[in-house]
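Dear colleague,

I am passing on the structure we spoke about, and my notes on what was found in it follow below. Please read them with the structure open.

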Amino acid sequence: MLLITPTTHDLGAFEVRRTLPSKARTMVGPFIFVDQFGPAHFDIGSGMDVRPHPHINLATVTYLFEGAIDHRDSLGTFATIRPGALNLMTAGKGIVHSERTPLAERALGSPISGMQTWLALPDGKEEIDPAFEHVAQENLPLIETGNVSARVIMGSLWGVSAPTTQHAETIYADILMNAGATIPIDAEADERAILVALGSASLDGETLEPHSLYVLKPGQAMTLRADSDCRVMLLGGEAFVTPRHVWWNFVSSSRDRINQAKADWKAGTFPLVPGDDKESIPIPEVPLTRSS
């Protein structure tokens, strides 16, 4: 197994732990960005305020354990996500979005905890039209046994499949386990990784560090054991042959395409976000990415 220890970013009201991309590994299947945020609690009157910002050549996946987030994007989408549901935003040739705590939660003070991941779009699909998909909690399959509750977010797990759109073969699941429970980690996917989001667990007898990403050996079936009540994210899927580059909010197989996106955001040619068009995140002032 490859261990990737997270880099922690303190955003004031809450922390974000990032495991992908890292020096050791850029991707696991289509996953090229893995953040776990919280758990934290916003004070009354405060909340998350991620101002409008752009993406290209990727799909973002938002999944919450606690709290709520209002999503708005340049397609005119407005959607509130709550625990157990999924927001899949496909950037393709370009999209702009914002994420903010809803007014009702802001007025009372609210918890926040969850996962933000990015999926690189496969060759031939990087420049598809942007799109947004919200899958409600009741539409994501829940597999329950006596001591395990697993929600299939994308792809298939133990013969059960989620309805979520896949641009490349993907597996993504949220697994709650009672202390002492064990589950098989099957070997079908090209690439797989495990992240213990809450609690403690071990894999084939090896204790796993919380919040770290463990990239598993291809083709090897393993057994996950809950050493306490825990929450584990399983992710992975199809291995990418063509490398992907990441700069700020942009992902692409082409550095020239990333440079074009930088110029477009700086020039203000990306579309605005209806209902949230008064501010935006400025582009970082750094030199252009070298051409490929």
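**Contacts, strands and cores**

Leaving aside its neighbours within four places in sequence, Glu105 is in contact with Ala68, Arg82 and Ser110. Please bear in mind that this is a predicted model. Glu105 belongs to helix H1, which spans residues 103–108, and with a relative accessible area of 16% Glu105 counts as buried, because the cut-off for that term is under 20%.

Turning to the strands, E4 (residues 31–41) has nine of its 11 residues buried, so this strand is largely enclosed by the rest of the structure. E4 pairs in the antiparallel sense with strand E3 (residues 15–20) over four bridges, and within that pairing Leu20 stands opposite Val34 of E4. E4 also pairs with strand E11 (residues 111–120), again in the antiparallel sense, over eight bridges, where Pro111 of E11 is the bridge partner of His41.

As for the nonpolar cores, the largest comprises 53 residues, of which Tyr172, Met177, Ile185 and Leu224 touch the most other members. If neighbours within four places in sequence are again left aside, Ile185 is in contact with Arg192, Ile194, Leu203, Leu216, Gln220, Ala221, Met222, Leu224 and Leu234. There is also a second, separate core of 14 residues, and among its members are Met27, Trp118, Ala120 and Phe132.

With best regards

Terms used: Residues numbered from 1 in each chain as written. Predicted model: local features only at pLDDT ≥ 70, side-chain atom pairs only at ≥ 80, totals over all residues. Heavy atoms only, no water. Core = buried A, V, L, I, M, F, W, Y, C linked by side-chain atoms within 4.5 Å. Buried < 20%, exposed > 50% of the residue type's maximum accessible area, 1.4 Å probe, protein only. Contact = heavy atoms within 4.5 Å. Helix = DSSP H or I, 4+ residues; strand = E, 2+ residues; numbered from the N terminus. Pairing = 2+ DSSP bridges.
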